[in-house]
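Hi,

Here's the structure I said I'd pass along. Have a look, and then read on for my notes.

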Amino acid sequence: MSDDTAPAVRFSGLHKGFAGQRLFEGIDLELPRDRITALVGASGCGKSTLLQLINGLIRPDEGEVKVFGAAVDYANLPVMRRRIGYAVQQIGLFPHLSVRDNVAILADREGWSAERVKARIARLFQMMDLDMALLTRYPHEISGGQAQRVGLCRAMMLEPPLLLLDEAFSAVDPITRIEVHAQFQRMQQEEPRSVVMVTHDMNEALSLSDHMVVMAPGVVLQAASPDTITTAPADERVARLLEARA
């Protein structure tokens with residue numbers, strides 16, 4: 001059972017390695033509830049690994065991962081994942097399914113009524129400024145920006161209290177990304193939830209997040225608000241990441 005007062009995610013004494021190489025050695029980290037947390041740092045520092053640990057895609061070697069106060073139950077991952085939306089850089093729309101069926105796939109599997117599915121899609125498309133006429137098209141018939149927003153709609157279909165985004169905005173051009181950012185912020189205003197986003201773009205992290213976790217390989221350098229990190233970086237490594245902004 002989840003705890004309404006617990007952080008969205010808590011890593012306790014987390015150890016994780018791959019192919020005999022240690023990545024995390026005893027990480028303790030909390031990600032706040034009902035906020036957008038950005039995980040930033042150089043490639044290979046473990047950002048995406050943290051998302052995979054939250055979603056149960058991989059298991060820690062030692063330590064514990066809790067989501068809303070409940071330890072990840074690896075024997076019942078499908079139940080937990082109904083409460084977690086997940087969107088990635090590649091979007092992953094099924095090319096043989098229409099936009100409607102891509103968005104509704106999880107709700108259809110959950111046995112939602114046709115009326116409930118229709119109403120939820122209409123709300124999501126309204127929030128993401130998508131034309132309902134797109135529902136009958138296939139992924140190759142829509143633009144990259146539209147596909148990115150359709151992927152977000154699919155991740156949000158079951159109204160999850162937690163949304164995980166792994167470089168979810170990086171596959172589109174800069175102008176389109178600004179538009180997708182605006183629609184994402186609108187969605188967050190209309191349906192506030194806990195979000196954990198991985199990004200290599202410091203400007204994106206600073207503009208979208210309420211909380212930031214700055215990482216180096218296997219370690220957390222600083223976890224604080226964007227204002228705190230920009231005005232009082234914890235060390236030179238954090239300062240260099242800030243200076244590297246375009």
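This is a predicted model: local features need pLDDT of at least 70, side-chain atom pairs count only at pLDDT 80 or more; totals for chains, interfaces and linings use all residues.

**α3 against α4**

Let's start with helix α3, which covers residues 99-109. It packs on α4 at an angle of about 125°, and the two axes are 11 Å apart. The crossing is right-handed. On the α3 side, the contact is made by V99, R100, V103, A104, A107 and D108, while α4 brings V117, I121 and F125. By type, that contact has seven nonpolar residues, two charged ones and no polar ones.

**α4 against α6**

Helix α4 runs over residues 114-127 and also meets α6, which spans residues 174-190. Here the axes come within 9 Å and cross at roughly 125°, which makes this pair oblique too. R123, L124, Q126 and M127 are the α4 residues involved, and they meet Q183, R186, M187 and E190 of α6.

**M127**

Is M127 buried or exposed? M127 has 0% relative accessibility, and the cut-off for buried is under 20%, so M127 counts as buried. Setting aside neighbours within four places in sequence, M127 is in contact with Q183, R186, M187, E190 and E191. If you want a C-alpha distance to check against your own copy, M127 and R149 are 9.9 Å apart in space and 22 residues apart in sequence.

**T199**

Now for the loop. T199 sits between β8 (194-198) and α7 (202-208). Despite being in a loop, T199 is buried, because its relative accessibility is 0%. Which side chain does T199 pair with in a polar contact of 2.7 Å? That would be the side chain of E204. E204 also turns up among the residues T199 touches, not counting those up to four places away in sequence: L39, V40, G41, K47, E167, E204 and A205.

That's everything I have for now.

Cheers

How values were computed. Residues are numbered from 1 along each chain as its sequence is written. Side-chain values use heavy atoms; hydrogens and water are left out. Helices (H or I, at least four residues) and strands (E, at least two) are DSSP runs, numbered from the N terminus. Buried means under 20% relative accessible area, exposed over 50%, partly exposed in between (1.4 Å probe, protein chains only). A polar contact is a pair of N or O atoms within 3.5 Å; within protein, one must be able to donate a hydrogen and the other to accept it, and residues adjacent in sequence count only if both atoms are side-chain atoms. Contact means heavy atoms within 4.5 Å. Axes are lines fitted to C-alpha atoms, for helices over the stretch in contact, and angles run from 0 to 180 degrees between N-to-C directions. A crossing is left-handed if the near helix is turned anticlockwise from the far one by less than a right angle, and right-handed if clockwise. Ala, Val, Leu, Ile, Met, Phe, Trp, Tyr, Cys and Pro count as nonpolar, Asp, Glu, Lys and Arg as charged, and the others, Gly among them, as polar. Angles under 35 degrees count as roughly parallel, over 145 as roughly antiparallel, 65 to 115 as roughly perpendicular and the rest as oblique.
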